[in-house]
Amino acid sequence: MTFPDAPQATAHAKINLFLHITGRRDDGYHLLDSLAVFAGAADRITLEGPGDTMSLTIDGPFGQGLEADDQNLVLRAARALQTKAGTAFNGLTESFRLKLEKNLPVASGIGGGSADAAATLRLLAREWDADQAILFPIAEKLGADVPVCIAQRPARMQGIGEILAPAPVLPDAGLLLVNPGVGVSTPEVFRAFAAGGGITERPEAFLPTRWDSAEAMVADLNATTNDLQAPALSQCPVIGTVLASIGSLPECLLARMSGSGATCFGIFPNPDSAKNAAQVLNEQSARLGWWTWAGGFHHTGSSI
Ligand SMILES: C[C@@](CO)(OP(=O)(O)O)[C@H](O)COP(=O)(O)OP(=O)(O)OC[C@H]1O[C@@H](n2ccc(N)nc2=O)[C@H](O)[C@@H]1O
Ligand SMILES: Nc1ncnc2c1ncn2[C@@H]1O[C@H](COP(=O)(O)OP(=O)(O)O)[C@@H](O)[C@H]1O
């Protein structure tokens, strides 16, 4: 049985507008300074109904590349919260049949798995009337990118992703996402970064309190970079083709890779100009089997 108005949560794609690697912890994790924002593109988690155990089914265009097993971040998040809520809230531990509509490419630098985990935590916390404050420590244990996906609002991420600070208020810019259909392993890209010389000493990136236009945002982003772009490119040369294609589109202000790749983004003056650019790219992307999405930011204001 599916609930008639089954509760749902959306899991929006995270984009790293810049990503500087600033240090390395003793356990090997890298310290970052990154501006994380969220795109309209999203997965969707649905609470389909009660079940004997927590269970998961997956559909959607990228569902086939993903197992609905114990390692899936949706089930890992659900079980982690079930354990915590059971202890903290006296047995609110009923199990649910969950469904994941997988619209975002997997292992692609836009944090789809992290967003799914965070959306599952939000959805179940709502259902169990659990205090949202318990979500953050659970999120941290699930992955470096999960904390920022809880609020899924723009944030400056530091530490390994657990230190969140306010981001500039974003303009109503256009965003184009392009993924060439090649999965990139995050640990391997970090390894390639370390092997390629590692950390660049540089002053901390300057960010204002707001950007009033896409052009003003790009002027500041031009003084930043994604330190993982070159190592990812060395592992996955098609990223260079994707960046060149985005950069040549009409009205494109900036082309860069997100996270550890391989998804790249273009910034445009407004959502319509991003959609027009996607139309221009259409023939090439369809021929090469590239995934594209165009629109705007999910939220423009920071919640921190
Ligand atoms: C690079 C980023 C930037 O936002 O994004 P994605 O490319 O994953 O989207 C993230 O830091 C990724 O976060 P997340 O995908 O949650 O990483 P995790 O599962 O925690 O870590 C996977 C592996 O990547 C390496 N890792 C990850 C994060 C970090 N700050 N330093 C690291 O060295 C470690 O080898 C770790 O075992
Ligand atoms: N629900 C999920 N969606 C995507 N990936 C998942 C999920 N659950 C587990 N994973 C695993 O997590 C890894 C990282 O996935 P993802 O978050 O999509 O990467 P990225 O952060 O690079 O975009 C993948 O290799 C995948 O096998």
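Two strands count as paired if DSSP finds at least two bridges between them. Strands (E, at least two residues) and helices (H or I, at least four) are DSSP runs numbered from the N terminus.

**Setting up**

I am looking at a predicted model, where local features need pLDDT of at least 70 and side-chain atom pairs count only at pLDDT 80 or more, while totals for chains, interfaces and linings use all residues. Residues are numbered from 1 along each chain as its sequence is written, and chains are lettered from A and ligands numbered from 1 in the order in which they are written.

**Entry 1: the β5–β6 hairpin**

I began with Ala 155, whose bridge partner in β6 is Pro 166. Strands β5 (residues 155-159) and β6 (residues 163-166) run antiparallel and are joined by 4 bridges. Their hairpin has 3 residues between the strands, and Gly 161 takes a positive phi near 130° there.

**Entry 2: two domains**

Next I looked up the domain assignment, whose bounds come from an automatic or database source. For the protein chain it gives domain 1 (8-165) and domain 2 (168-295). The C-alpha centres of the two domains lie 23 Å apart. Their contact takes 26 residues from domain 1 and 30 residues from domain 2; two residues are in contact if their C-beta atoms, placed from the backbone, lie within 7 Å.

Which elements give two or more residues to the side of domain 1 that touches domain 2? I found β1 and β2, and β1 has the largest share with 10 residues. By class, this side of domain 1 has 15 nonpolar, 9 polar and 2 charged residues. For the classes, Ala, Val, Leu, Ile, Met, Phe, Trp, Tyr, Cys and Pro count as nonpolar, Asp, Glu, Lys and Arg as charged, and the others, Gly among them, as polar.

**Entry 3: ligand 1**

I then listed the 21 residues around ligand 1, of which Gly 143, Ala 144, Asp 145, Gly 259 and Ser 260 come nearest. A residue is near a molecule or strand if its C-beta atom, placed from the backbone, lies within 6 Å of it. β1 (8-24), β2 (30-51) and α5 (186-195) each supply at least two residues of this shell. I counted 8 nonpolar, 12 polar and 1 charged residue around ligand 1. Both domain 1 and domain 2 give residues to the shell, so ligand 1 lies between them.

I checked the UniProt record too, an unreviewed entry, and under "active site" it lists Lys 14 and Asp 145. They span 132 residues in sequence, yet no two of their C-alpha atoms are more than 8.8 Å apart, so they gather at one spot. Lys 14 has its place in strand β1. UniProt positions are given in the numbering used here, feature names are shortened, and annotations may be inferred rather than shown by experiment.

**Entry 4: ligand 2**

Ligand 2 has 20 residues around it, and Leu 73, Ala 107, Gly 112, Gly 113 and Asp 116 come nearest. Where does the largest share of its shell come from? It comes from α2, with 4 residues. Helices α1 (73-88) and α2 (112-127) each supply at least two residues of the shell, which divides into 7 nonpolar, 11 polar and 2 charged residues. Ligand 2 also lies between domain 1 and domain 2, because both give residues to its shell.

**Entry 5: the four-stranded sheet**

I finished on an open sheet of 4 strands, in the order β8-β9-β7-β10 with antiparallel pairing. β8 (254-257) and β10 (291-295) stand at the edges with a single partner strand each, so one side of each is left without a neighbour in the sheet. The twist averages 15° from one strand to the next.

β8 pairs with β9 (residues 264-268) in the antiparallel sense over 4 bridges. In β9, Ile 267 stands opposite Leu 254, and Phe 265 is the bridge partner of Arg 256. The β8–β9 hairpin has 6 residues between its strands, with Gly 259 in the turn at a positive phi of about 55°. Gly 259 was also one of the residues that come nearest to ligand 1.

Helix α9 (residues 271-288) lies across β7 (174-179), β9 and β10, and runs at about 160° to β10. Axes are lines fitted to C-alpha atoms, for helices over the stretch in contact, and angles run from 0 to 180 degrees between N-to-C directions.
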